[in-house]
Amino acid sequence: MCFVAETKPYLLVTSQKDLMKAGLDVMELTNIQLPGIQALAGLDVHVEKQHVYFSDSSLKKIFRVNVDGSNLTEVQCALSNGQITSVF
């Protein structure tokens, strides 16, 4: 996933346990620490808020983290009749 929110564009690259930020102009790979994450799956980005959303298929939870790796938070969903009504 290409991300151009900073002064230099970069890619977010994932493996099952890692989220990495890869520079496009130089061979630079920065690991974004995600303590406790066991099986990273799925990835989405909110560019304006600089948030990365992903799921952990082992924990069966959805998380959000800032692009710089800070503020790892479990995303809570409100359900009504089996449908997600809000995310917080």
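**A chain built of strands**

Read along its sequence, the protein chain follows the pattern β-β-β-β-β-β-β-β-β-β, and its secondary structure comes to zero helices and 10 strands, where helices (H or I, at least four residues) and strands (E, at least two) are DSSP runs numbered from the N terminus. This is a predicted model, in which local features need pLDDT of at least 70 and side-chain atom pairs count only at pLDDT 80 or more, while totals for chains, interfaces and linings use all residues. Residues are numbered from 1 along each chain as its sequence is written, and side-chain values use heavy atoms, with hydrogens and water left out.

Of the 88 residues in the protein chain, 25% are buried, a term that stands for under 20% relative accessible area, with exposed meaning over 50% and partly exposed the range in between (1.4 Å probe, protein chains only). Among the contacts in the protein chain with a separation of 6 or more, 18% are accounted for by residues 24 or more positions apart, contact meaning heavy atoms within 4.5 Å.

One part of the fold is an open sheet of four strands, in the order S5-S6-S7-S8 and with antiparallel pairing. Strand S5 (40–46) and strand S8 (73–74) stand at its edges, each with a single partner strand, so one side of each is left without a neighbour in the sheet. S5 and S6 pair in the antiparallel sense over six bridges, two strands being paired if DSSP finds at least two bridges between them.

Within this sheet, His51 has its place in strand S6 (residues 51–56), and His46 stands opposite His51. His51 is buried, with a relative accessible area of 14%. Leaving aside neighbours within four places in sequence, His51 is in contact with Asp44, Val45, His46, Arg64, Val65, Asn66 and Val67.

Two of these partners deserve a further look. Arg64 is found in strand S7 (residues 61–66), and, not counting residues up to four places away in sequence, Arg64 touches His51, Val52, Tyr53, Asn71, Leu72, Thr73 and Val75. Arg64 is buried yet has no salt bridge, since the nearest side chain of opposite charge, Asp68, is 11 Å away, whereas a salt bridge needs a side-chain nitrogen of Lys or Arg within 4 Å of a carboxyl oxygen of Asp or Glu. For charge, Lys and Arg count as positive and Asp and Glu as negative, while His and the chain ends are not counted. Val67 is found in the loop between S7 and S8 and counts as buried, because its relative accessibility is 2%. Val67 and Leu19 are 48 residues apart in sequence and 9.9 Å apart in space, C-alpha to C-alpha.

Elsewhere in the chain, Asn31 is found in strand S4 and is partly exposed, with a relative accessible area of 38%. Asn31 touches Asp18, Leu19 and Met20, not counting residues up to four places away in sequence. Leu24 lies in the loop between strand S3 (19–23) and strand S4 (29–32), and counts as partly exposed at 45% relative accessibility.
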